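Please look through the sequence and the 3D structure shown here before reading the briefing that follows.

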Amino acid sequence: MISFFLQVMQTFFRALLPPILLAGLGALTDRLLNFEIRTLSRLCLYILSPALLFSSLMKVELLLADSLRVAGFSFLVLAVMALLGWIYAWLLRLDRPTTASAVMATTFFNAVTLGFPFVLFAFGEEGLRLAAVLIATNSLPHYGVGLFVAARSTHSTSQAMRKLIRMPAPYAVITALLFRALNISLPLAVLEPIDILGRAGIPVLLITIGIELGRIQIGMNHSEIWGVVVLRLLVGPLVAWGGITLLGLTGLLGQVVVLQASMPTAIMPIVFAREFGGNIQFISLSVLFTTLCSIVTLSIALVLIRQTI
């Protein structure tokens with residue numbers, strides 16, 4: 001058992017060290033150069049992230065049976081966690097931007113930067129393939145709902161919808177899925193530049209997040225963040241377990257999706273909040289606190305998942 005926990009911790013820090021270094025680089029260089037963070041956020045949101053989504057979906061191995069079941073799981077978990085996040089914000093009487101950030105922080109999980117290495121460690125290459133299916137089916141609701149929630153915090157519903165339909169990321173997802181459904185392949189001369197842009201997306205995003213975190217006053221009172229930590233790291237896995245029970249997801253597929261849904265808050269909502277609205281400090285601290293606390297919760301979750309699913 002001790003050896004297992006040591007392996008889990010080693011996997012965690014191996015997965016987390018590169019993001020920490022890139023985020024630290026962003027925070028450090030920002031002190032010296034005072035970056036224009038809105039420009040970096042827009043670069044991620046309008047160019048790099050759509051390229052990453054498109055190139056990833058064009059390469060991932062998708063099976064129709066897995067995709068349909070995981071899509072149902074994704075929408076169910078997203079809806080329940082968004083509702084719980086909204087109820088939490090309503091109970092605390094948070095303002096609209098902070099409510100939007102609370103909903104995003106409780107709903108969206110870090111399935112790539114941290115999730116992929118953990119799934120590979122826990123379940124091997126076959127588990128990683130199933131995790132990629134979850135990312136593929138989760139990408140459209142993640143971006144669509146996330147962008148809408150962020151925009152709705154400072155705009156009317158119609159204005160938020162107009163902003164959403166001008167965003168390239170949902171179209172990148174829809175186009176890639178359509179190409180896959182119709183078995184359309186792109187020439188290498190077209191796909192390779194998109195892939196290069198996509199691979200640049202995560203490092204630039206992590207540097208941008210580091211800049212955001214570096215500008216936060218950590219010493220302030222952040223008591224409202226702990227409710228998000230509980231929802232994301234403790235309630236989230238329970239909702240995911242209920243989801244696989246309801247939908248009949250068993251075996252390795254059930255284990256993988258529950259582990260992915262147990263991850264800390266995703267980092268992309270910080271960019272959504274920066275561009276469209278939301279409490280940037282709240283969502284940034286949610287990412288920081290849930291990631292640190294997940295050192296403990298993910299180790300426990302992995303043990304329970306292996307024993308009960």
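## A mostly covered helix and its surroundings

Helix H11 (residues 268–276) is mostly covered, since eight of its nine residues are buried, where buried means under 20% relative accessible area, exposed means over 50%, and partly exposed lies in between (1.4 Å probe, protein chains only). Helices here are DSSP runs of H or I with at least four residues, while strands are runs of E with at least two, and they are numbered from the N terminus. This is a predicted model, in which local features need pLDDT of at least 70 and side-chain atom pairs count only at pLDDT 80 or more, whereas totals for chains, interfaces and linings use all residues. Residues are numbered from 1 along each chain as its sequence is written, and side-chain values use heavy atoms, with hydrogens and water left out.

**Helix H11**

- The buried residues of H11 are Met268, Pro269, Ile270, Val271, Phe272, Ala273, Glu275 and Phe276.
- What covers these buried residues includes H2, helix H4 (96–107), H5, helix H6 (157–165), helix H8 (188–214) and helix H12 (280–308).
- Just after H11 comes Gly277, which takes a positive phi of about 140°.

**Packing of H2 against H5**

- Two packed helices are described by the angle between their axes and the distance between the axes.
- H2 and helix H5 (residues 115–152) pack at an angle of about 160°, with their axes 10 Å apart; axes are lines fitted to C-alpha atoms, for helices over the stretch in contact, and angles run from 0 to 180 degrees between N-to-C directions.
- H2 and H5 are therefore roughly antiparallel to each other, a label for angles over 145 degrees, while those under 35 count as roughly parallel, 65 to 115 as roughly perpendicular and the rest as oblique.
- H2 passes H5 in a left-handed crossing, meaning that the near helix is turned anticlockwise from the far one by less than a right angle, whereas clockwise would be right-handed.
- On the H2 side, Leu45, Ser49, Leu53 and Leu57 meet Ala136, Ser139, Tyr143 and Leu147 in H5, where contact means heavy atoms within 4.5 Å.

**Aromatic pairs**

- The structure holds three aromatic pairs, in which rings of Phe, Tyr and Trp (its six-membered ring) have centres within 6.5 Å, with planes under 30 degrees apart counted as stacked, over 60 as edge-to-face and the rest as tilted.
- One of them joins Phe54 and Phe179 edge-to-face, at 6.2 Å centre to centre and with 80° between the planes.
- Phe54 lies in helix H2 (residues 37–59) and Phe179 in helix H7 (residues 168–181), so this pair ties together parts that are 125 residues apart in sequence.
- Phe54 is buried, with a relative accessible area of 9%.
- Another pair, Trp86 and Trp90, is stacked, at 6.5 Å centre to centre and with 15° between the planes.
- Both Trp86 and Trp90 lie in helix H3 (residues 64–91), where they are four residues apart, about one turn of the helix.
- Trp86 counts as partly exposed at 45% relative accessibility, and Trp90 counts as partly exposed at 47%.
- The charged end of Arg93 sits over the ring of Trp90, 4.8 Å from its centre; this requires NZ of Lys or CZ of Arg to be within 6 Å of the ring centre and within 35 degrees of the ring normal.

**The residue Gln255**

- Gln255 lies in helix H10 (residues 251–261) and is buried, with a relative accessible area of 12%.
- Not counting residues up to four places away in sequence, Gln255 touches Phe123, Ile305, Arg306 and Ile309.
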